[in-house]
There are 4 protein chains.
Amino acid sequence: MQSLRLINTGGTFNKRYDPIRGELFVPADDQAVEAAIASMRPNLSLRLSGTIYKDSLEMDDADRAMLGELVAAVQERCVVVVHGTDTMDKSAVAVARWLGQGHGKRVVFTGAMVPFFVDPVEATANLASAMTAICLLPPGVYIAMHGLVLPHDKIRKNREAGRFEELGN
Amino acid sequence: MQSLRLINTGGTFNKRYDPIRGELFVPADDQAVEAAIASMRPNLSLRLSGTIYKDSLEMDDADRAMLGELVAAVQERCVVVVHGTDTMDKSAVAVARWLGQGHGKRVVFTGAMVPFFVDPVEATANLASAMTAICLLPPGVYIAMHGLVLPHDKIRKNREAGRFEELGN
Amino acid sequence: MQSLRLINTGGTFNKRYDPIRGELFVPADDQAVEAAIASMRPNLSLRLSGTIYKDSLEMDDADRAMLGELVAAVQERCVVVVHGTDTMDKSAVAVARWLGQGHGKRVVFTGAMVPFFVDPVEATANLASAMTAICLLPPGVYIAMHGLVLPHDKIRKNREAGRFEELGN
Amino acid sequence: MQSLRLINTGGTFNKRYDPIRGELFVPADDQAVEAAIASMRPNLSLRLSGTIYKDSLEMDDADRAMLGELVAAVQERCVVVVHGTDTMDKSAVAVARWLGQGHGKRVVFTGAMVPFFVDPVEATANLASAMTAICLLPPGVYIAMHGLVLPHDKIRKNREAGRFEELGN
């Protein structure tokens with residue numbers, strides 16, 4: 001059983017509804033991620049780390065530097081990152097740069113267009129897909145969304161259609 | 001984009017509640033599977049075939065022979081089978097025998113302990129995991145459940161714990 | 001604020017799915033009822049008592065005698081009973097007999113055709129309806145189901161249609 | 001069976017999540033209300049009218065005048081209004097003024113703090129409570145929220161606690 005690190009940075013995946021303020025917010029906890037992976041957990045050697053906890057439109061260069069540093073620093077060679085979808089590609093570039101050549105790590109970014117606690121199906125599918133792919137992939141930085149698992153620069157968010165698609169298609 | 005065949009045979013994954021009879025039943029349709037994969041569908045070259053539609057405790061040798069025949073006959077080299085968890089292992093053996101040696105197909109069985117329409121999280125995680133693994137695996141017959149994707153004879157249902165686990169652990 | 005007693009006897013309202021046995025069961029607790037009334041609770045002077053915890057097809061005369069005794073004994077004049085739908089009418093008759101004439105109590109039976117934890121909408125609607133009606137009704141024994149609140153002998157379960165309807169219609 | 005008019009004006013009760021814009025919005029339809037009352041519908045003589053479709057913070061005097069006019073004009077003597085919680089009290093005052101003295105109508109305002117499609121329990125409880133109370137109340141303008149059904153000037157939204165409570169308590 002390979003060891004896996006799951007880093008939760010927030011984003012839509014984690015959003016919950018605040019009835020008092022009447023809006024969705026990114027909570028500073030990992031409840032959505034924990035709920036999504038509950039059935040897999042007993043079979044995995046997994047450590048979950050939460051950090052940043054932001055809508056990805058609010059992430060800045062310092063956040064991305066910290067994330068790159070963290071991914072490079074963790075002991076595990078397989079790292080899944082839950083991240084907002086709007087700047088997932090930027091953070092993937094930052095992490096790839098931080099790791100440089102010959103790092104031997106598999107890093108898979110994933111997230112959701114619909115908050116897990118609004119409807120868990122898309123979020124769960126994306127995260128399960130990322131966690132399954134990671135052990136079967138060669139080293140590199142990937143994005144797993146909507147049935148695709150591709151090198152991070154071969155996939156993009158189509159903002160009009162509301163889904164990720166293979167680049168060049 | 002690789003072509004994928006998804007064969008839905010029923011089982012707990014598909015069960016719905018009948019308020020008139022007051023019980024869960026396996027419907028002769030693919031609503032649960034369609035709902036679980038909706039977010040992936042636009043990115044996949046996928047054909048979905050429904051058949052048998054039974055609780056797997058009620059599957060007999062004729063059902064398994066038909067399933068083996070069907071898996072062998074479909075054009076696609078990647079086949080995911082949604083199946084009841086109680087006899088998933090038996091059907092995997094039957095399919096493996098039917099395919100014989102050197103077949104070149106990847107077949108991944110999956111299912112759920114909790115009906116999708118009671119709580120979609122575990123069912124969605126299992127199916128997304130199966131659909132992600134299939135394109136990354138060497139030929140063979142596998143079971144994908146609860147975070148594991150293993151050759152069908154290396155994983156079993158632990159009936160007391162209510163989850164699948166690696167055989168020998 | 002009038003005091004209200006809520007007696008939970010089980011039935012479909014409370015059923016949960018057991019993934020190990022692969023079936024729905026009536027748990028010996030009040031989780032479904034507690035979840036349904038959470039938003040009302042801070043505004044109510046309410047005591048909740050759980051008992052019997054059976055599918056109503058399995059209730060016997062001793063259960064109904066105990067229920068009648070309990071309804072008669074509690075201090076509150078307003079009593080809502082959550083009960084299986086199949087023999088709700090029988091239990092209402094038993095409670096009405098036990099109370100006799102001139103008792104001054106309002107008793108409203110309610111329940112659900114779909115378990116709260118399968119889909120909470122019908123169950124919540126029925127219970128909220130019962131709890132709202134009880135303070136506005138004259139003394140008597142009523143059934144509140146599917147938008148109707150009627151004396152217990154003026155409403156029946158239509159088993160073919162899967163819903164309660166006014167008797168004589 | 002008394003005739004009932006249900007007027008849906010929008011508000012949090014109706015909000016749905018838009019995955020493309022990444023936010024909740026008030027749709028110009030009645031899907032949430034229809035889903036909440038589905039189990040009651042066959043037993044009710046009910047007409048549903050949708051209008052305004054706004055977050056109640058965005059309602060203006062013209063909207064309230066139109067709502068007052070509509071409530072006064074409809075044939076039914078029992079009128080339930082689904083409305084945003086932030087200015088429900090203002091609209092109730094406007095409707096009460098429009099109706100004047102001796103109108104003979106029962107009007108019950110209700111709504112939700114949590115969108116039906118985020119979690120249906122609170123919304124369903126409030127609407128079922130309003131629809132049950134309306135036929136049992138004397139003429140007047142009421143608010144039904146969180147287990148309370150009170151004349152509109154005896155109940156208020158406690159914004160810190162996130163719930164409605166009896167005025168003066």
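Student: How many salt bridges does the rule find across the interface of chain C and chain D?

Tutor: The rule finds zero salt bridges between chain C and chain D. A salt bridge requires a side-chain nitrogen of Lys or Arg within 4 Å of a carboxyl oxygen of Asp or Glu. This is a predicted model, in which local features need pLDDT of at least 70, side-chain atom pairs count only at pLDDT 80 or more, and totals for chains, interfaces and linings use all residues. Side-chain values use heavy atoms, with hydrogens and water left out.

Student: What makes a pair a polar contact, and how many residue pairs are counted between chain C and chain D?

Tutor: A polar contact is a pair of N or O atoms within 3.5 Å; within protein, one must be able to donate a hydrogen and the other to accept it, and residues adjacent in sequence count only if both atoms are side-chain atoms. Between chain C and chain D, six residue pairs meet this rule, both residues being at pLDDT 80 or more.

Student: Which elements of chain C supply at least two residues of the side that touches chain D?

Tutor: They are helix H1 (31-37), helix H4 (120-133), strand E8 (148-151) and strand E10 (163-166) of chain C. Such helices (H or I, at least four residues) and strands (E, at least two) are DSSP runs, numbered from the N terminus. H4(C) gives the most to this side, with nine residues.

Student: Why are 17 residues of the side of chain C that touches chain D called nonpolar?

Tutor: They are called nonpolar because each belongs to the group Ala, Val, Leu, Ile, Met, Phe, Trp, Tyr, Cys and Pro. Asp, Glu, Lys and Arg count as charged, and the others, Gly among them, as polar. By these classes, the side of chain C also has seven polar and three charged residues.

Student: What is meant by the area buried between chain B and chain A?

Tutor: Buried area is the accessible area (1.4 Å probe) that two parts lose on being put together, summed over both. For chain B and chain A this is about 2000 Å², with 69% of it on carbon and sulfur atoms. B:Asn43, B:Val121 and B:Leu136 supply 26% of the area that chain B buries against chain A, more than any other three residues.

Student: How many residues does each of these chains bring to the contact?

Tutor: Chain B brings 27 residues and chain A brings 27 residues, where contact means heavy atoms within 4.5 Å. Across this interface the rule finds zero salt bridges, whereas six residue pairs are in polar contact.

Technical notes
Residues are numbered from 1 along each chain as its sequence is written. Chains are lettered from A and ligands numbered from 1 in the order in which they are written.
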